Structure formats: structure tokens, C-alpha cells
Amino acid sequence: MKTHLIAVAVLLTGLASTLIAAVETGKSAKDFTLTDSNGKSHSLSGFKGKYVVLEWYNPDCPFVKKHYNGSDNMQALQKEYTAKGVIWLSINSSATGKQGHYSGEEFNKIMAEKKSAPTAILLDQDGKVGREYEAKTTPHIFIVNPEGVLIYQGAIDSTASADPADIANSENYVKATLDAAMSGKAIVKGSTKPYGCSVKY
């Protein structure tokens, strides 16, 4: 009986840890520190006072390619909003030997080829930050407001496909969230179901 109770206690402790680890829209975003592709350290708390977009990124994923290759959809968003003072952090959580794992130098080359324009690409190769945020797919988007509150998490847009042709007829949740928040309007969708490749932890 005692052994059974201990097992239940361990199970509940694990469940509580999982629930605590989840990030919740409307609550303070979890702080973290990661090194970028150039070896510079960045902390989320260091960007307080600005809007921050966290984009989980794997350049080899077909759903990521939908928004980068040919369509330039992601690059356009990055350029539009960083020009307005938004911080855009592309985060790669692919483990060594898994799809999408590259060195910082390799990421810089990939980003230059695609003319990407994030503020930085952050390397989360042990997957710690990805798991804390429960990042499930690439892409998976999280948006933090200047007060450090998570105001959106989920898909980049409303069409869960890998076809670039679908972009034009989709609702872009990133654009809708940032435009509403930056103009003082209510955010209609604080969370949506992300779609894409699984994060390669």
C-alpha cells in the first residue's frame, strides 16, 4: 500500500511539473537565455518594453519551406515588424543528428540565402526552452507584449498545409495579433492549434 501511495505521489508530482511547464496566454512569458548563431547571448527579459515574436524554426521542414521558399511570407513579416520595433527571434530546437540541426555558421548561411530578417536566430540544441514553451511544431509562433505577457501562441496562419499557394487565402494570425495589439485593439484569437513538422528534440 505504501509503495502504491509513493508511486501515485511521484506520478502527481510529474503531472504538476508538466502543468507548471506549460505557457499560458494572458500570463507572463517564461524568461530564458539562449545563444544566437553568432555566439551572442539573448534573454527574453532583456527585450522588455518591446513586442517579441518567437518563431520555432527548422529550415528542412516542408511547412517552414512553405513560408520561406519562394513565397517569402516569413521574410516579409520579419521585415515589416522589425521595422516597427518588434523583436523577432527564430529558435531552432533540433537536437544533434536530427533534421534541422546546424551550426551557427551554417544557419547564418541559410538565412543569408533566404534573405531572412529575424533579429536573431537562437540555438536551443538541448531543447530546454522548446520544452518549457511546449513548442510542438515548426513553425510554432509565440508573441509576447512589452509587459512580458504572452498574448498569442499557435499557428502562423489559418491553413494547415505545406502549399505556398494557400498563403494568399489564409488569415495570418501573427499579423492580426500584432496589428491589433499595437493599435490598442482587442486580440480576437489568443491561441490556435499549431501545424507543421514536429520539433526534432
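Visitor: Which residue forms a salt bridge with Lys 175?
Guide: Glu 80 does, and the closest N and O atoms of the two are 3.0 Å apart. A salt bridge here is a side-chain nitrogen of Lys or Arg within 4 Å of a carboxyl oxygen of Asp or Glu.

Visitor: And where do Lys 175 and Glu 80 lie?
Guide: Lys 175 is in helix α6 (residues 173-182) and Glu 80 is in helix α3 (residues 73-82), so the pair ties together parts that are 95 residues apart in sequence. Helices (H or I, at least four residues) and strands (E, at least two) are DSSP runs, numbered from the N terminus.

Visitor: What should I know about the model itself?
Guide: This is a predicted model, where local features need pLDDT of at least 70 and side-chain atom pairs count only at pLDDT 80 or more, while totals for chains, interfaces and linings use all residues. Residues are numbered from 1 along each chain as its sequence is written, and side-chain values use heavy atoms, with hydrogens and water left out.

Visitor: Back to the charges: how many salt bridges are there in the whole structure?
Guide: A search finds 6 salt bridges. Glu 80 and Lys 175 also belong to a network of salt bridges with Lys 84 and Asp 179.

Visitor: What about Glu 171, which residue does its side chain meet in a salt bridge?
Guide: Lys 189, at 3.5 Å from N to O. Glu 171 sits in the loop between β8 (150-154) and α6, and Lys 189 in the loop between α6 and β9 (197-198), 18 residues apart.

Visitor: New topic: how many aromatic pairs does the structure hold?
Guide: There are 9. One of them is Phe 63 with Tyr 195, edge-to-face, at 5.9 Å centre to centre and 70° between the planes. Rings of Phe, Tyr and Trp (its six-membered ring) pair if their centres lie within 6.5 Å; planes under 30 degrees apart count as stacked, over 60 as edge-to-face and the rest as tilted.

Visitor: Is Tyr 195 buried or exposed?
Guide: Tyr 195 counts as buried, at 8% relative accessibility, whereas Phe 63 is partly exposed at 22%.

Visitor: Which residues form the aromatic cluster?
Guide: Phe 32, Trp 56, Tyr 133 and Phe 142. Tyr 133 and Phe 142 are both buried.

Conventions:
Buried means under 20% relative accessible area, exposed over 50%, partly exposed in between (1.4 Å probe, protein chains only).
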